[in-house]
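Keep the fold in view as you read.

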Amino acid sequence: MIKKYVLLLLTGLTLMAGCSTTDSAEAEMASTRTTMVTTGDLELLSHSTKAFAWHPNMFAVHASDEVDSQAVIKHMQAAIAQVMQAKGYHLATANEKPSVLVGFGVALESEMSDKEILKRAGLVAGLSTEGIDKHYEKGSVLVALFSPHNPMPVWRVLAQGFTDLDNSPEKREQRFERLLSAMLKPVPAI
């Protein structure tokens, strides 16, 4: 079960930092090819912003039925919280009003096309699959920040990449966490 959710979670995005362990030029090209696009204004995150909470309904996982979506959501929350806490933010307590809401989505190309991602998220990173063996699948991760008073995101980042299905779950997980760190790099530390 854990292997399946880690595989999805890291699909397309886990290989941003570092090369594949194979000697194949194609494997190296696929494992390092990542694109990222951002939009919005981080002015919402002033120095008074300290508490964040999870968006009440933006936590989507679009993958095969074999994937434990709830496990993927929990791992995404843990990885994002780790990055946010390293920047000085904290997860809001039950009686604390957050100043920012965090939402996210994860999708495999086999379950959601770039056209559908653009329609739903308003962004597309446009990572080309040309020249990539079918052994690799393109995946997308979206992270969005919201004001608690506005239903529209104030800032979004979308990353796309490929996964090497032969890498261990631990390697994919570590690389995925590095990717989330890179995706959230523009978020100011407090």
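Start at Met 36, which stands opposite Ala 159 in strand S6. The model is a predicted one.

Strand S5 and S6 run antiparallel, joined by nine bridges. A hairpin of six residues leads from S5 to S6. How many of the 10 residues of S6 are buried? Eight are, so S6 is mostly covered, given that buried means under 20% relative accessible area.

Next, turn to the empty space. A rolling probe the size of a water molecule shows where such space is left between atoms. The largest pocket has a volume of about 400 Å³. It is lined by 23 residues, and the closest to its centre are Met 58, Gly 105, Arg 120, Ala 121 and Leu 142. Strands S2, S4, S5 and S6 and helix H4 each give two or more residues to the lining. By class, the lining has 17 nonpolar, four polar and two charged residues.

Finish at Glu 137. This residue sits in the loop between helix H4 (114-121) and strand S5 (138-146). Is Glu 137 buried, exposed or partly exposed? Its relative accessible area is 23%, so Glu 137 counts as partly exposed, the range between 20% and 50%. Glu 109 lies 28 residues away from Glu 137 along the chain, yet their C-alpha atoms are separated by 6.8 Å.

How values were computed
Residues are numbered from 1 along each chain as its sequence is written. This is a predicted model: local features need pLDDT of at least 70, side-chain atom pairs count only at pLDDT 80 or more; totals for chains, interfaces and linings use all residues. Side-chain values use heavy atoms; hydrogens and water are left out. Helices (H or I, at least four residues) and strands (E, at least two) are DSSP runs, numbered from the N terminus. Buried means under 20% relative accessible area, exposed over 50%, partly exposed in between (1.4 Å probe, protein chains only). On a 1 Å grid over the protein atoms alone, a cavity is a set of points where a 1.4 Å probe fits but cannot get out, and a pocket is an open set with protein on both sides within 12 Å along at least five of seven lines; lining residues have an atom within 4 Å of a point. Grid points are joined across faces, edges and corners, and a volume is the space filled by probe spheres set on the points. Ala, Val, Leu, Ile, Met, Phe, Trp, Tyr, Cys and Pro count as nonpolar, Asp, Glu, Lys and Arg as charged, and the others, Gly among them, as polar. Two strands pair if DSSP finds at least two bridges between them.
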